[in-house]
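The following exercises ask the reader to work through a structure step by step. Please examine the sequence and the model before reading each solution.

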Amino acid sequence: MVHRAAGRAGRAGGAVKGARRPGVRLPPLEAFADGALEPDGDYDGLEFRDADFAGQDGSGARFMDCALTGCALDETRLANARFLDSVLSNARGVGTDLAGAMLRDVELLDARVGGVQLHGAVLERVLVRGGKIDYLNLRKARLKDVVFEGCVLVEPDFGAATLERVEFVDCVVKGADFSAATLKDVDLRAAELDIARGVDRLAGAVISPSQLLDLAPLLAAELGLRVVGPGQA
């Protein structure tokens with residue numbers, strides 16, 4: 001079950017629409033006891049606690065009203081999986097394959113993961129809170145009503161992705177790639193922001209005055225401007 005929380009629309013005089021956050025309310029859960037994931041498996045109302053799914057194949061599986069807590073996801077194959085009305089807490093692992101997955105009304109809390117493949121995925125009403133995610137691949141993904149809050153994102157790749165009503169709140173974002181991305185109502189003001197590529201794709205985002213100063217050299221380079229002080233060659 002899910003109770004959808006309204007976003008903070010109309011901030012900054014209506015300049016940007018806030019994301020609608022998920023409000024997941026899980027029913028009483030049964031413990032998962034099968035040991036291994038299965039391709040195209042159907043998991044409903046289950047609790048996965050401290051499970052080691054390293055190297056397992058759950059491609060195409062559906063997780064609905066589930067809680068995954070403290071699970072190891074090293075090289076776990078979850079391509080085209082669906083996570084609906086679920087909470088993932090304290091996930092850890094490297095190289096998790098979630099290409100083409102769907103996450104809808106999902107909370108991802110305190111993750112410590114790297115190299116997660118979410119290219120071509122669909123994220124709708126997703127909250128990513130806390131933790132650290134290295135080298136997150138969201139190329140060609142679609143993000144709508146997504147909030148990154150209090151987390152560290154190292155070299156996230158949003159190349160050719162579509163972001164609509166996405167907020168970065170009290171985040172550290174290092175070396176982000178927005179090449180060929182499309183942004184609408186994306187709020188970057190509360191992030192410690194470093195953009196490696198794609199500064200020319202920031203139309204549709206809102207930034208703070210201090211961020212504008214930080215981005216000025218990149219923007220000048222994108223426009224082909226030379227910035228030369230008086231008396232300098």
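**Exercise 1.** Against which element do the buried residues of α2 pack?

*Solution.* This is a predicted model, in which local features need pLDDT of at least 70, side-chain atom pairs count only at pLDDT 80 or more, and totals for chains, interfaces and linings use all residues. Residues are numbered from 1 along each chain as its sequence is written, and side-chain values use heavy atoms, without hydrogens and water.

Step 1. Locate helix α2 at residues 209–223; helices (H or I, at least four residues) and strands (E, at least two) are DSSP runs numbered from the N terminus.
Step 2. Gln211, Leu215 and Ala220 of α2 are buried, that is, under 20% relative accessible area with a 1.4 Å probe, protein chains only.
Step 3. These buried residues pack against β13, where contact means heavy atoms within 4.5 Å.

**Exercise 2.** Identify the strands that pair with β13.

*Solution.* Pairing requires at least two bridges found by DSSP between two strands.
Step 1. β12 (residues 162–177) and β13 (residues 182–197) are parallel and share 11 bridges; Val172 lies opposite Glu192 in β13.
Step 2. β14 (residues 205–206) runs parallel to β13, with two bridges, and Asp187 is opposite Val206 in β14.

**Exercise 3.** Where does helix α2 kink, and what follows the helix?

*Solution.*
Step 1. The kink, about 50°, is at Leu215, shortly before the proline Pro217; the bend is the angle between axes fitted to the seven residues ending at a residue and the seven starting there.
Step 2. After α2 comes Gly224, with a positive phi near 75°.

How values were computed
Buried < 20%, exposed > 50% of the residue type's maximum accessible area, 1.4 Å probe, protein only.
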